[in-house]
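Dear colleague,

Please find the structure below, handed over for your records. My findings follow directly after it.

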Amino acid sequence: MTTQTARWPRQLPYIIASEACERFSFYGMRNILTPFLMTALLLSVPEQFRAGEAKDIFHSFVIGVYFFPLLGGYLADKFLGKYRTILYLSILYCIGHAFLAVFETNKEGFYAGLFLIALGSGGIKPLVSAFMGDQFDQSNKHLARKAFDWFYFTINFGSFFASLLMPLVLKHYGAAWAFGLPGALMALATLFFWLGRARYVHVAPEPDNPHSFLQVVKTALLSKQAGQADKGLYLACAGVALALFSLSQTSNLGFVAAFCLALVCIMGFGGAGAALQLDRARAAHPAAAVDGVRVVLRVLVLFALVTPFWSLFDQKASTWVLQANQMSRPEWFEPAMMQALNPLLVMILIPFNNFVLYPLLEKSGLKITALRRMGAGIAFSGFAWIVAGSLQVWLDNGHIVSILWQMLPYALLTFGEVMVSATGLEFAYSQAPAAMKGIITSFWQLSVTIGNLWVLLANNSIRSETVLSHVDSTGLSQTAFLMYFFAAFALIAAAVFALYARRYQLVDNYRAAG
């Protein structure tokens with residue numbers, strides 16, 4: 001089939017409509033979570049510690065949201081398939097919203113609701129985009145990038161209205177309505193998704209594979225080779241030792257941060273060790289399986305370098321909301337409403353980039369690859385936080401600062417988001433071997449978990465006497481210091497990403513036509 005005669009999959013509207021409603025439901029509750037914690041659920045916490053506690057709860061929740069994709073991807077790829085996994089977890093998702101609305105004054109019930117939403121939202125997160133990718137084949141794969149862009153557009157369409165409306169609903173009608181309405185939208189999302197069941201392309205779960213990713217990694221680490229030291233195995237063992245040490249620090253770091261740090265140690269050192277000894281697996285596994293693992297390990301390096309971007313991006317719903325509380329604004333305007341600027345800009349920038357900016361850059365001779373977009377996006381997030389830090393210094397010096405000034409860092413951050421997040425969804429799917437579509441997309445989502453882990457660790461470190469004395473010596477407030485720290489973190493990551501991406505070879509793992 002030629003490019004001119006290729007057709008859009010007719011089942012896409014069901015997926016995109018479902019995603020728009022689900023994103024309204026998620027961002028509707030997420031974007032009022034910090035204000036609700038600050039003004040209601042955490043009133044028993046001393047005021048000087050309340051903001052830090054609210055940020056820890058918020059980022060722990062986000063860590064959960066982006067950790068559970070591992071579970072969702074595993075269930076879909078090995079047992080239930082993508083469709084049934086999405087449907088079943090969506091039902092748990094709806095129950096979680098009901099808990100938030102019912103238990104608005106009960107911490108245990110409210111946190112149980114957050115857990116169910118993290119499980120449901122996180123579990124389906126990698127699968128919806130991968131499921132949409134399954135609707136394409138070699139005959140129309142050139143349409144997939146545009147579909148992923150529109151997919152991301154609808155995410156932000158739902159987020160925009162949720163960010164505008166829910167803070168006002170919370171203020172005027174209370175938490176039960178503010179958390180109940182997103183629950184109703186999630187129920188509608190589940191209905192839309194179910195209605196398209198007869199039209200979808202269903203890719204069956206892969207059978208048990210003796211040459212799977214984990215089996216190849218295990219063989220590579222444990223196989224012996226005469227005359228060679230087991231450097232990769234030693235490196236993996238070092239990762240396990242560091243993971244155990246991290247878990248021993250639960251009382252200092254908190255369970256969520258300690259567990260995630262342990263996971264990072266195992267994945268990072270284990271993956272690096274497997275890469276060192278991967279050729280040893282060729283004696284027991286087909287060349288295609290070993291080469292597929294090499295591709296995945298190389299992709300995971302890129303994902304790791306994207307984690308600083310998420311450290312910055314997700315703090316717009318915590319650190320930037322708290323900053324907005326200090327700024328001058330109209331009496332009717334709630335600080336959390338500023339977050340609506342992000343999805344609004346996304347809806348403007350996606351078509352602008354695709355139809356104006358990228359074609360102009362291509363005509364000028366600059367090829368706009370997926371990796372170049374992602375690297376530039378990480379850098380723009382760093383620039384955004386330089387501006388945010390400068391605004392904080394202005395506030396700390398006693399100046400009256402209009403909330404309109406936050407539009408500049410929001411614009412820079414959103415420009416970076418469009419180049420990183422929208423691109424990353426399609427990149428993750430296209431690079432994944434067929435047997436690991438759900439799981440590798442889960443690793444993309446896991447990069448968000450690790451990004452929020454860096455936030456928890458930074459917030460924990462800033463409380464130590466040694467770090468506090470260093471911050472005081474700079475003349476900056478703790479908030480401003482952290483803003484500049486995260487800006488530098490992202491800019492360094494962008495530079496390393498660019499260097500690594502120059503040597504990365506893209507692969508094409510779309511399914512065959514037919």
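I begin with one residue. Lys171 is partly exposed, with a relative accessible area of 42%; here buried means under 20% relative accessible area, exposed over 50%, and partly exposed in between (1.4 Å probe, protein chains only). The side chain of Lys171 meets that of Glu334 in a salt bridge, 3.2 Å from N to O, a salt bridge being a side-chain nitrogen of Lys or Arg within 4 Å of a carboxyl oxygen of Asp or Glu. Glu334 lies in the loop between helix 13 and helix 14 (341–363) and Lys171 in helix 6 (residues 144–173), so the pair ties together parts that are 163 residues apart in sequence.

This is a predicted model, in which local features need pLDDT of at least 70 and side-chain atom pairs count only at pLDDT 80 or more, while totals for chains, interfaces and linings use all residues. Residues are numbered from 1 along each chain as its sequence is written, and side-chain values use heavy atoms, with hydrogens and water left out.

As to the overall fold, the protein chain has 19 helices and zero strands; these are DSSP runs (helices H or I, at least four residues; strands E, at least two), numbered from the N terminus. Of its 514 residues, 55% count as buried.

The salt bridges number ten. Among them, Asp314 pairs with Arg30, the closest N and O atoms being 2.7 Å apart. Because Asp314 lies in the loop between helix 12 and helix 13 (319–325) and Arg30 in helix 1 (residues 12–30), this pair ties together parts that are 284 residues apart in sequence. Asp314 is buried, at 2% relative accessibility, and Arg30 is likewise buried, with a relative accessible area of 2%. A further salt bridge joins Asp134 and Lys82 (2.9 Å, N to O), and both of these residues are buried.

Glu417, in helix 16 (residues 407–431), is buried yet has no salt bridge. The nearest side chain of opposite charge, Lys316, is 6.3 Å away from Glu417, where Lys and Arg count as positive and Asp and Glu as negative, with His and the chain ends not counted. Leaving aside neighbours within four places in sequence, Glu417 is in contact (heavy atoms within 4.5 Å) with residues including Tyr152, Asn156 and Phe309.
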